[in-house]
Amino acid sequence: MKKIIALAILLAAATCTVSAKLNLPTKKLGNDTYYYYEVKKNETVHDIASKIGVNKDIILKYNPSARNGVAKKQLLFLPVAEFDNIAKQQSANKKVTNGDVVTHIVKSGESVYGISRTYGVTESELLAANPSLSYGLKAGEQLIIPAKPATGVAEKFVYHTIKSGETLYGIAKSYNTTIEKLIELNPGIASTNLQIDEVLMIQPNTTKDIIVEKDIKQFIPYVVTAGDTYASVAAANGISVKVLKDANPEMSKLKKGKTIYIPRDAIDKQVVNTSSLTEEQLENTYKDKFDEVYNDVHMPNKDNSVNISIILPFQTDMANRNKNARDYDEFFNGFVMALDSVGGKLTKPLNINVYDTKLSPGITDSILSLEALKKSDIIIAPSESDQLGRILAYGQKHNIDILNCFVAQSEDYISNQRSMQVNIPSPYLNASIIEMLRTKYQDYELVFLDDPSETTKDIYEEIKKYANVSKHTHKTLTIVSDLTGKSLSRYLDPATKYLFIPANGKEAFINKYATGIIEAKAMRVDCRLELLGHPEYTMYLKKHKDEFMAMDTHIYSRFYLPDNAQSRALNSKYVKRYGSKPSNSAPNMSVFGFDVGMFLVNAYANNITPGDKASAYEGVQTNFFFERANNWTGYINKSVRIINLTPNKDIKITDLND
């Protein structure tokens with residue numbers, strides 16, 4: 001028998017006046033217990049509702065025939081569970097005034113600065129709550145985040161560390177918020193399968209009205225006629241004999257003229273405020289449509305196509321185009337070459353919209369006012385700060401991903417969920433290298449090469465701090481004049497592995513120490529000597545390649561374009577298509593555009609979320625391993641390439657995320 005749908009639009013307000021328990025007798029009908037009321041002579045539903053202290057809509061919901069009036073001695077049924085739930089809801093419906101004590105498990109690549117910015121606290125507040133941080137930050141370490149109380153004002157945010165056994169529904173109930181709001185604030189939640197020690201950003205006391213469905217039993221009175229049996233009545237009403245007998249336990253055999261009650265299944269639709277729902281009710285409402293709710297929140301109004309918009313200051317038709325315009329041209333040319341490579345393999349339409357801002361914030365604003373732009377899945381934004389800021393704000397407002405290809409030292413990903421930063425931020429880059437030293441080079445002695453004539457790199461100071469805190473064996477050599485193998489050899493212990501770390505990436509400094517390390521490697525065959533090279537070293541390969549190979553150099557970089565068959569073929573295609581060679585820049589902008597195009601089309605055309613492992617893309621020059629810094633932040637590309645120039649004249653390229 002199909003379920004009947006009972007729509008009770010005003011029920012939410014009505015239930016507020018219901019007492020938790022009714023002063024009525026109960027009886028067991030099947031597996032459930034019901035209050036029951038026997039109608040007196042001349043009583044109406046309104047009279048009965050006032051007498052027992054409920055809204056008449058509740059009586060009618062479970063006893064729909066009462067809409068046509070009630071008869072003397074007729075029984076009206078109300079499930080005990082309904083009123084038990086009301087009691088639980090009323091006791092649980094309290095405003096949240098304080099946040100949870102938050103713990104944060106340090107991930108590889110994180111820094112004190114980055115964590116403090118993520119949680120909106122100062123570094124000094126974080127250090128005060130975690131004195132151990134003065135000795136350094138370690139992956140897997142548990143930090144206490146200073147609590148910021150929620151005063152009940154909607155604008156205030158708190159954080160919650162997920163504990164074993166917790167569900168999204170229970171967390172929503174605990175903080176008096178909605179599943180939609182949790183998903184909105186934490187796009188990193190891809191499913192209801194929460195991970196222990198993950199942290200959620202929460203906006204307490206943000207509830208809303210929703211329609212919920214609930215399976216209920218209704219009871220229809222039926223006067224037995226001659227010849228009726230349990231079997232015949234049950235068959236006529238599409239239920240089993242057992243169900244019918246369970247609803248009428250006092251009547252073993254049907255008798256003409258007696259009233260029995262026929263149970264039927266119904267679906268009750270109620271407009272309720274989420275604050276009045278129990279954890280179980282929240283789960284029943286959302287568990288089968290989590291993905292649908294997620295898409296409604298984060299990907300509204302998207303059609304079955306790939307829509308990529310490129311908003312860059314190409315400065316077409318301008319007399320004095322700057323250098324960036326040439327870079328943007330070559331980037332776009334490479335992007336088009338990627339479309340040539342994958343266009344015929346796509347299973348859905350691909351739309352590319354290209355706009356020229358001409359370096360004008362006003363023109364940028366005009367572009368952002370176009371209705372067609374709202375259909376974008378992703379927008380590629382320029383490096384110019386006034387334009388980048390406008391486009392990032394637009395993406396946040398309209399739920400559109402914004403790809404920041406050109407600015408490395410940006411922190412927009414911390415506050416903007418839609419920011420996708422291609423160049424790994426320096427704190428994460430530094431931490432990745434330190435993690436490499438902690439694992440791959442744990443049995444090496446670190447040798448810091450100081451250069452008193454130049455400013456040192458941030459990563460150099462970070463590695464020094466790591467070595468001191470972790471007690472990783474290390475020493476420091478100050479290089480004033482050219483280093484010789486003989487002088488260096490005096491500092492080397494027998495049968496020891498060494499990793500040399502220069503203070504900066506200046507070519508002049510390479511000239512001071514390279515000969516000494518090369519000579520020492522030849523003299524001290526009992527030792528293993530290697531060099532950590534800075535990203536700038538990739539620009540010196542033409543001149544210093546042999547020296548780097550002799551020193552067994554490991555250069556870390558956000559990108560690297562190898563001289564191999566793939567890169568040469570790409571260069572030849574570029575020349576053939578555009579009639580000129582791309583500029584000799586680092587990174588090569590045409591190859592960069594090609595890699596970006598290949599990554600975007602492959603990911604979005606296959607409905608792959610950028611943070612999923614399946615979205616990872618190994619490019620010609622740049623790799624893409626996007627991850628969210630936290631559940632509520634934007635994406636950062638975690639790729640760090642290591643280019644190893646070996647004494648065997650090989651160049652080996654690996655990625656720390658492989």
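Guide: Two strands count as paired when DSSP finds at least two bridges between them. Keep that in mind as we read this predicted model.

Visitor: Which strand does β15 pair with in the parallel sense, and over how many bridges?

Guide: Strand β15 (residues 419–421) pairs with strand β24 (residues 635–637). Two bridges link them, in the parallel sense.

Visitor: What about β11: how many of its residues are buried?

Guide: A residue counts as buried under 20% relative accessible area. In β11, seven of the seven residues are buried, so the strand is largely enclosed by the rest of the structure. Look at its two faces. Val-306, Ile-308, Ile-310 and Leu-312 are buried on one side. Asn-307, Ser-309 and Ile-311 are buried on the other.

Visitor: Which strands does β11 run parallel to?

Guide: β11 pairs with β12 in the parallel sense over seven bridges. Here Asn-307 stands opposite Asn-351 in β12. β11 also runs parallel to β13, joined by three bridges. Here Ile-310 stands opposite Ile-380 in β13.

Visitor: How do I describe two packed helices?

Guide: Use the angle between their axes and the distance between the axes. For α13 and α23, the angle is about 45° and the axes are 6 Å apart. That makes α13 oblique to α23. Their crossing is right-handed. The contact includes Phe-331, Phe-335 and Leu-339 of α13, with Phe-592, Val-596 and Met-598 among those from α23.

Visitor: Is Met-598 buried or exposed?

Guide: Met-598 is buried, with a relative accessible area of 12%. It sits in helix α23 (residues 589–605). Met-598 then contacts Ala-338, Ser-341, Val-342 and Tyr-617. Met-598 and Phe-335 are 263 residues apart in sequence, yet 7.8 Å apart in space, C-alpha to C-alpha.

Visitor: Now the other sheet. In what order do the strands from β17 to β26 stand?

Guide: Read it as β17-β16-β18-β19-β20-β25-β26. Again the sheet is open, with seven strands and mixed pairing. β17 (474–478) and β26 (651–655) each have a single partner, so one side of each lacks a neighbour in the sheet. The twist averages 25° from one strand to the next.

Visitor: How many bridges join β18 to β19?

Guide: Four bridges join β18 (residues 497–502) to β19 (residues 528–533), and these strands run parallel. Leu-499 has Glu-530 of β19 as its bridge partner.

Visitor: Which strands do helices α18 and α21 lie across?

Guide: Helix α18 (residues 458–470) lies across β16 (445–450), β17, β18, β19 and β20 (553–557), running at about 140° to β16. Helix α21 (residues 541–550) lies across β20, β25 (641–645) and β26, at about 70° to β25.

Visitor: Which residues touch the most other members of the largest nonpolar core?

Guide: They are Ile-463, Phe-500 and Tyr-513, in a core of 55 residues. Apart from that core lies another, of 37 residues, among them Leu-339, Ile-380, Phe-592 and Val-620. Back to Ile-463. Not counting residues up to four places away in sequence, Ile-463 touches residues including Leu-446, Phe-448, Ile-501 and Leu-532.

Note on methods. Residues are numbered from 1 along each chain as its sequence is written. This is a predicted model: local features need pLDDT of at least 70, side-chain atom pairs count only at pLDDT 80 or more; totals for chains, interfaces and linings use all residues. Side-chain values use heavy atoms; hydrogens and water are left out. Axes are lines fitted to C-alpha atoms, for helices over the stretch in contact, and angles run from 0 to 180 degrees between N-to-C directions. Contact means heavy atoms within 4.5 Å. Buried means under 20% relative accessible area, exposed over 50%, partly exposed in between (1.4 Å probe, protein chains only). A nonpolar core is a set of buried Ala, Val, Leu, Ile, Met, Phe, Trp, Tyr and Cys residues joined through side-chain atoms within 4.5 Å. Angles under 35 degrees count as roughly parallel, over 145 as roughly antiparallel, 65 to 115 as roughly perpendicular and the rest as oblique. A crossing is left-handed if the near helix is turned anticlockwise from the far one by less than a right angle, and right-handed if clockwise.
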